[in-house]
Amino acid sequence: MNESWREVAADIESRIEADIRQDAMGEEVELRHGEEATTTLANRLYAHVGRDVTLILGGDPLRVRLEECAEEWLAGATATGLTIARLCAIDAVVNLPVAVEARPGVARKLGLTSGLRRYADGRFIACRTREGLHTGVLARVGRDFIDVDTPSGCTCINLQAIPRVDLRD
């Protein structure tokens, strides 16, 4: 009789351990889902600064070596120069690894104008907008516009219309 109680106790103990393991696995899945729900594209891209990624912008692939990534934009080297792209204009990122790294400090909050001032001041640019391409020299970066000096005069472009700016040295 004593042996049968040991078997019952062992069975109960193994069931309790199995329930504890199952609960722990469920909590782990919930934690992972919670973390994924707060992950941003900017955080995933920032984790890959210094590496090559392929962006799909306007249906076209663009291979970029990421140089910087903020919440609203990224900057990266392409085969022809440098590009600054709004994250909201990126349709997809091909084969982006799952790694995540939140950008520390205030730099992650900098808007597109900060990137343009930093990278494009006085450079020749090809500014893509929803309606076409504007090429010239970046003359001014305002709060919600840029001025591009072209041979035919100055073109003032609304920042909201810009998915991408390509820069040449």
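## The largest pocket

In this predicted model, the residues that line the largest pocket are Leu57, Gly58, Asp60, Pro61, Leu62, Ala89, Arg128, Thr129, Pro163 and Arg164. A pocket here is an open set of points on a 1 Å grid over the protein atoms alone, where a 1.4 Å probe fits and protein lies on both sides within 12 Å along at least five of seven lines, and a lining residue has an atom within 4 Å of a point. The space in this pocket is about 180 Å³, a volume being the space filled by probe spheres set on the points.

Strand S2 (residues 60-69) gives the largest share of the lining, 3 residues. By type, the lining holds 5 nonpolar, 2 polar and 3 charged residues, where Ala, Val, Leu, Ile, Met, Phe, Trp, Tyr, Cys and Pro count as nonpolar, Asp, Glu, Lys and Arg as charged, and the others, Gly among them, as polar.

## How the chain is built

The protein has 3 helices and 10 strands, which follow the order α-α-β-β-β-β-β-α-β-β-β-β-β from the N terminus. Helices (H or I, at least four residues) and strands (E, at least two) are DSSP runs, numbered from the N terminus. Of its 169 residues, 36% are buried, that is, under 20% relative accessible area with a 1.4 Å probe and protein chains only, while exposed means over 50% and partly exposed lies in between.

## The nonpolar cores

A nonpolar core is a set of buried Ala, Val, Leu, Ile, Met, Phe, Trp, Tyr and Cys residues joined through side-chain atoms within 4.5 Å. The largest one has 20 residues, and Ile84, Leu116, Ile125, Ile146 and Leu167 have the most contacts inside it. Helix H3 (112-120) is among the elements that each supply at least two residues of this core, and H3 provides its largest share, 4 residues. A second, separate core of 17 residues includes Ala42, Val64, Leu66 and Ile90.

## A closer look at Thr135

Thr135 lies in strand S7 and counts as partly exposed because its relative accessibility is 37%. Leaving aside neighbours within four places in sequence, Thr135 is in contact (heavy atoms within 4.5 Å) with Phe124, Ile125, Ala126, Val148, Asp149 and Thr150. Although Thr135 and Phe124 are 11 residues apart along the chain, their C-alpha atoms are separated by 7.3 Å.

## Notes on the model

Residues are numbered from 1 along each chain as its sequence is written, and side-chain values use heavy atoms, with hydrogens and water left out. Local features need pLDDT of at least 70 and side-chain atom pairs count only at pLDDT 80 or more, whereas totals for chains, interfaces and linings use all residues.
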